[in-house]
Amino acid sequence: MSVRPFGATPAARRVAVLAVLAALALAFGGYGLARADAGLSTRRATVDGAPLTEVRATGVAGRRPGVVIAHGFAGSARLMRPIADTVARQGAVALLVDVAGHGANPARLPGAGRDAADSRATLERDLSVAVAYLRTRPDVDPARIVLIGHSMGAGAVTRYAAGHPDIARTVAISLPDSDDLPDGRPDGLLLIVGGAEFPAFRDTAEATSRRGVGRRLVVVPGVEHISVLFAGRTHDEVAAWVGGGADPPRPLARLAPAGLLLLGFGLGFVPLATLLLGRRPRPSWPAAPTPAVLAVAASAAGLGALAGALAPTTRLPLAVGGHVTGFLLVTGVLLAAAARWWPLPAATSTTVPATAPVARRAPARSALAAVLLTGYAVTAVAVPIHLGFTSALPVGDRWWLLPVVAAACLVFLTGAELATAGRSWRYAAIGGIAVLALTASAVVGLAPGFVLLVVPLFAVLVGWQAAWAAVLRRAGAPRWLPALVGAALLAWPMATTLPLS
């Protein structure tokens, strides 16, 4: 008869395996991000309030082309860094700019999301600062300035190039509109659009390509509005248009290692929660019938979407984020109220069988676990996103917006926890209902259209926090802890990536 080593239960072995896998993913992810900068030098400066990032290949002599790269709405210079790497490896000097309201730029973007005149003027000003700065670099040929932009940035660079004939070439990725461009301007225009984008983007690209000579239209199959930035075909076309060396592009050199970091942090949560909380049964609470819970959730989300449209959420200077914050707050309050006061017939309520009494966890241990797990959640979401995807560090007004958004997320997740009595799959279903309600509100015009660009990220974050909430429940965590940790996961990306307006 075999003897099991002390402590080597199947559950303990699973936790140990997850810890090893998490450590490996974090190690390989960190190594990959360190290698992404091989052969490149980076210099940062702030000029007239605009944060600029220069990227160039080392060991290149003589004057080179200069390329200004502008991101789109809710993007950042870091989101466009793979494009800059590709350009730099072709022998050019790439200059990334965080326009007002985005990334490391603490200034607000007037009329963000509305393509208003004041918004366009601010974008042109930031581009002018970047172009003027790039022309002063000693290794840049001022006669060979190229502009690259994505979405909102594509509109900005095409308008700028149309009014400045000295711009050598322009690349517009996912151009949203070109009605105000003069025919034939700008010269040397490359138009790139994802095959899976909204049809309006492809229609704009096709119409623009026919209104001038020397233009090239490229439809990248199978990619949408964001993934087009990481497609190999996009980088090949950009490299050829800019010209230079033959170093093959590596569009996933940062994104893939960042994905490994996310995976490592995700897996590492299980052993960390087990270490801090132990494994003990969680007390059970009476639960309403599933159809009743889902009906209440759908009603609450519908009213939340309506309230988000009627409430003055635009006063929160976070484009799109103000609406989402109001929606989450109202929906959470309604869910909590339903759980507290909605009369459920006792005969139809279902209750999980009572568990055997267990020793209560010391309050100090629960408080310490809450601090460490919440800090871990912030690290898990902020570090991989910031290093491999887009800017995720608070600047300016984002410091006070962060707790406001987090409070709304906490109310929503607490309401979901109370309404579902901690049943994990029902809790996840409420998150799905919230995603559908946000999507529907944008489609029918109750929410800004840009909500549709935020919904995929929101859906991923909702699913992520639901998985971690299930882990915490299995560890017998206090009832408030899943909502607290989940609020950190949801709020940090919203408060740090959506534009200041």
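The legends below describe close-up views of a predicted model.

**Figure 1. Overall dimensions and composition of the predicted protein.** The secondary structure comprises 14 helices and ten strands. Along the principal axes, the C-alpha atoms of the protein occupy a box of roughly 80 × 60 × 40 Å. The radius of gyration is 25 Å, which agrees with the value near 23 Å that a compact globule of 501 residues would have. Of the 501 residues, 53% are buried. Among contacts with a separation of 6 or more, 76% are between residues 24 or more positions apart.

**Figure 2. The open sheet of eight strands.** The strands follow the order β1-β2-β4-β3-β5-β6-β7-β8, and their pairing is mixed. The edges are taken by β1 (40-47) and β8 (216-220); each has a single partner strand, so one side of each is left without a neighbour in the sheet. From one strand to the next, the twist averages 20°. Within this sheet, β2 (residues 50-57) pairs with β4 (residues 93-97) in the antiparallel sense, over four bridges. V55 has A94 of β4 as its bridge partner.

**Figure 3. Helices α3 and α5 lying across strands of the sheet.** Helix α3, formed by residues 117-135, lies across β1, β2, β3, β4 and β5 (140-150). The direction of α3 is at about 160° to that of β3. Helix α5, formed by residues 199-209, lies across β7 (189-194) and β8. Relative to β7, helix α5 runs at about 160°.

Figure 4. A polar atom of the H71 side chain lies 3.2 Å from the backbone nitrogen of V99. V99 is also one of the residues in contact with H71 when neighbours within four places in sequence are left aside. Other such contacts of H71 include S76, A77 and M80, as well as V97, D98 and H102. H150, M152 and G153 are likewise in contact with H71.

**Figure 5. The salt bridge between D139 and R64.** The closest N and O atoms of this pair are 3.6 Å apart. D139 lies in the loop between α3 and β5, whereas R64 belongs to strand β3, so the pair ties together parts that are 75 residues apart in sequence. D139 counts as buried, at 16% relative accessibility. R64 is also buried, with a relative accessible area of 5%.

Figure 6. The structure holds 20 salt bridges. R144 counts as partly exposed, at 36% relative accessibility.

Technical notes:
Residues are numbered from 1 along each chain as its sequence is written. This is a predicted model: local features need pLDDT of at least 70, side-chain atom pairs count only at pLDDT 80 or more; totals for chains, interfaces and linings use all residues. Side-chain values use heavy atoms; hydrogens and water are left out. A polar contact is a pair of N or O atoms within 3.5 Å; within protein, one must be able to donate a hydrogen and the other to accept it, and residues adjacent in sequence count only if both atoms are side-chain atoms. Contact means heavy atoms within 4.5 Å. Two strands pair if DSSP finds at least two bridges between them. Helices (H or I, at least four residues) and strands (E, at least two) are DSSP runs, numbered from the N terminus. Axes are lines fitted to C-alpha atoms, for helices over the stretch in contact, and angles run from 0 to 180 degrees between N-to-C directions. A salt bridge is a side-chain nitrogen of Lys or Arg within 4 Å of a carboxyl oxygen of Asp or Glu. Buried means under 20% relative accessible area, exposed over 50%, partly exposed in between (1.4 Å probe, protein chains only). The radius of gyration is taken over C-alpha atoms; the globule rule is 2.2 Å times the number of residues to the power 0.38.
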